[in-house]
Amino acid sequence: MIRFFKPEHRVGLFASVGVVALAISSPVVAQDADAEEELTDAAAEPAAETRGITVTGSRIARPTLASPVPLTSVTAEELTSQGDVSLGDALNELPSLRNTFSQGNSTRFIGTAGLNILDLRGLGTSRTLVLVNGKRHVTSLPGDYLVDVNTIPTDMLERVDIVTGGNSAVYGSDAVAGVVNFILKRDFEGLAVRGQSGISSRGDRFSSFISGAYGKNFADGRGNIAVTAEYAKQDPLFFTDRDGITGAFSGRCQFNLIENPAGEPFGTDGITDNGPLCGVRNGAISDGGTLGGLGNGVFLRFGPNGDVITDVPDRFIGTFTGNVVGGQGSTLRNTGQLAAGLDRYAFNILAHYDISEAFRPFIEAKYVHVDALQEGQPSFWQGSIPAFFGGGANLRCDNPFLTSQAFSTMSSRGICGATPDATPFAISRFNVDFGGRGELHNRDTY
């Protein structure tokens with residue numbers, strides 16, 4: 001233990017020691033007047049001022065460290081200072097959250113465009129409980145209970161508390177991964193207006209956000225009412241806008257199987273099975289239509305003008321992958337989106353009146369309208385025409401759309417006979433000329 005003494009305490013201590021020493025010493029010897037005067041002057045002088053000692057790094061008061069479970073608390077200023085127009089995108093920067101349904105990849109499943117759903121520790125959105133002021137919140141997804149955090153008013157947010165353990169015993173199975181609790185301001189007073197806009201370095205993905213909030217205390221601070229309104233807009237970003245990332249035209253860059261793993265994992269040949277490749281395309285399907293493979297990575301495909309061409313890719317990886325490098329196969333990325341388009345209007349009213357410590361009635365009302373645009377892969381034929389296009393029947397060699405060159409090439413390959421007849425043939429085609437499968441979402445949350 002370190003004990004500190006003030007200067008005046010130190011003088012008293014020295015005096016006490018002196019008395020004890022005199023009591024147990026030999027007989028007192030008389031002192032001359034000069035010595036007595038020097039001793040009196042020394043005692044009268046103030047003690048030299050001592051320098052303070054500062055100890056840091058121990059016992060710092062932080063409520064998140066004293067919590068019985070791991071707790072992360074993020075203020076509204078930290079979330080809104082990053083330039084995101086979505087609270088969920090800002091929260092996904094935390095290591096405890098995975099961006100399963102952020103604005104950047106909310107198009108991964110049908111019906112999810114424009115949603116921002118939190119996923120703690122990657123255990124699934126259905127295992128992450130979202131609360132507002134400690135209470136469950138209405139969903140934005142019909143038939144589900146998942147919360148779109150974009151519906152939470154940004155200007156009314158005080159902080160976000162994230163707990164990642166020990167919650168399922170309190171809240172149930174939907175809190176296995178943890179709880180994210182949005183704490184709203186209780187006594188907001190005044191007027192706040194905020195706006196921002198931005199665009200990518202490529203001149204696309206324009207985004208803008210504007211919001212306003214007004215609050216008023218009354219009844220000597222026992223009551224408060226606050227009204228907020230906000231508008232957010234984000235332009236869609238398509239695969240074709242980022243060929244360098246998606247390979248929409250040039251082919252995908254990906255970690256691909258490059259060696260036949262047959263016989264493994266019971267035995268290994270010591271050769272790495274996977275490796276990085278760029279320019280990857282699908283060998284079995286194309287935008288014009290693939291008639292089939294001729295072996296050794298050579299394919300027959302329909303070209304843009306309807307003629308049949310022989311496609312020899314730069315690299316045939318093997319029949320165990322179905323992928324090739326180069327050639328005329330489909331990239332599977334010439335439709336689809338990196339990010340959905342979004343228009344969001346949100347209105348919130350928060351009010352409370354404290355009648356007593358035990359009775360505090362409140363109102364939390366909102367209306368949020370979202371328009372979202374999503375585009376996925378187009379329809380496709382894989383080998384034969386689906387039943388809803390007239391049954392399992394394939395195309396025929398007497399099809400009037402076959403060019404003379406196409407029929408001649410198909411005849412020479414044994415696909416068709418010497419003359420046009422009812423001989424069927426199959427193609428695998430990515431129907432990009434029909435356009436991607438789009439979704440137009442109109443959501444109202446209240």
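Student: How many salt bridges does the rule give here?

Tutor: A salt bridge is a side-chain nitrogen of Lys or Arg within 4 Å of a carboxyl oxygen of Asp or Glu, and by this rule the count comes to 15 salt bridges. Please keep in mind that this is a predicted model, in which local features need pLDDT of at least 70 and side-chain atom pairs count only at pLDDT 80 or more, while totals for chains, interfaces and linings use all residues. Residues are numbered from 1 along each chain as its sequence is written, and side-chain values use heavy atoms, with hydrogens and water left out.

Student: Which residues are linked in a network of salt bridges?

Tutor: The network links Arg186, Asp354, Glu357 and Arg360.

Student: Where do Asp155 and Arg194 lie, the two residues whose salt bridge I would like to follow along the chain?

Tutor: Their side chains meet at 3.6 Å, N to O. Asp155 lies in the loop between strand S3 (135-136) and strand S4 (157-163), whereas Arg194 lies in strand S6 (residues 190-198), so the pair ties together parts that are 39 residues apart in sequence. Strands are DSSP runs of E with at least two residues, just as helices are runs of H or I with at least four, and they are numbered from the N terminus. Asp155 is buried, with a relative accessible area of 12%, while Arg194 is partly exposed at 23%.

Student: How far apart in space are Phe188 and Asp155?

Tutor: The C-alpha atoms of Phe188 and Asp155 are 9.6 Å apart, although the two residues are 33 apart in sequence. Phe188 is placed in the loop between strand S5 (178-184) and S6, and its relative accessibility of 13% is why Phe188 counts as buried.

Student: What describes a pair of aromatic rings?

Tutor: Such a pair is described by the distance of the centres and the angle of the planes. Rings of Phe, Tyr and Trp (its six-membered ring) pair if their centres lie within 6.5 Å, and planes under 30 degrees apart count as stacked, over 60 as edge-to-face and the rest as tilted. A search of the whole structure finds two aromatic pairs. One of them joins Phe218 and Tyr353, and this pair is stacked, with 6.1 Å centre to centre and 10° between the planes. Phe218 lies in strand S7 and Tyr353 in strand S18 (residues 341-353), so the pair ties together parts that are 135 residues apart in sequence. Phe218 is partly exposed, with a relative accessible area of 36%, and Tyr353 is partly exposed, with 29%.

Student: How are the planes of Tyr231 and Tyr345 arranged, stacked or tilted?

Tutor: The pair of Tyr231 and Tyr345 is tilted, with 4.8 Å centre to centre and 40° between the planes. This pair links distant parts of the chain, since Tyr231 is in strand S8 (residues 223-234) and Tyr345 in strand S18, 114 residues apart. Tyr231 is partly exposed at 23% relative accessible area, and Tyr345 is partly exposed at 35%.

Student: Which rings have an Arg lying over the face?

Tutor: A charge sits over a ring if NZ of Lys or CZ of Arg is within 6 Å of the ring centre and within 35 degrees of the ring normal. Arg301 lies over the face of Phe299, at 4.5 Å from the ring centre, and Arg333 lies over the face of Phe239, at 5.5 Å from the ring centre.

How values were computed
Buried < 20%, exposed > 50% of the residue type's maximum accessible area, 1.4 Å probe, protein only.
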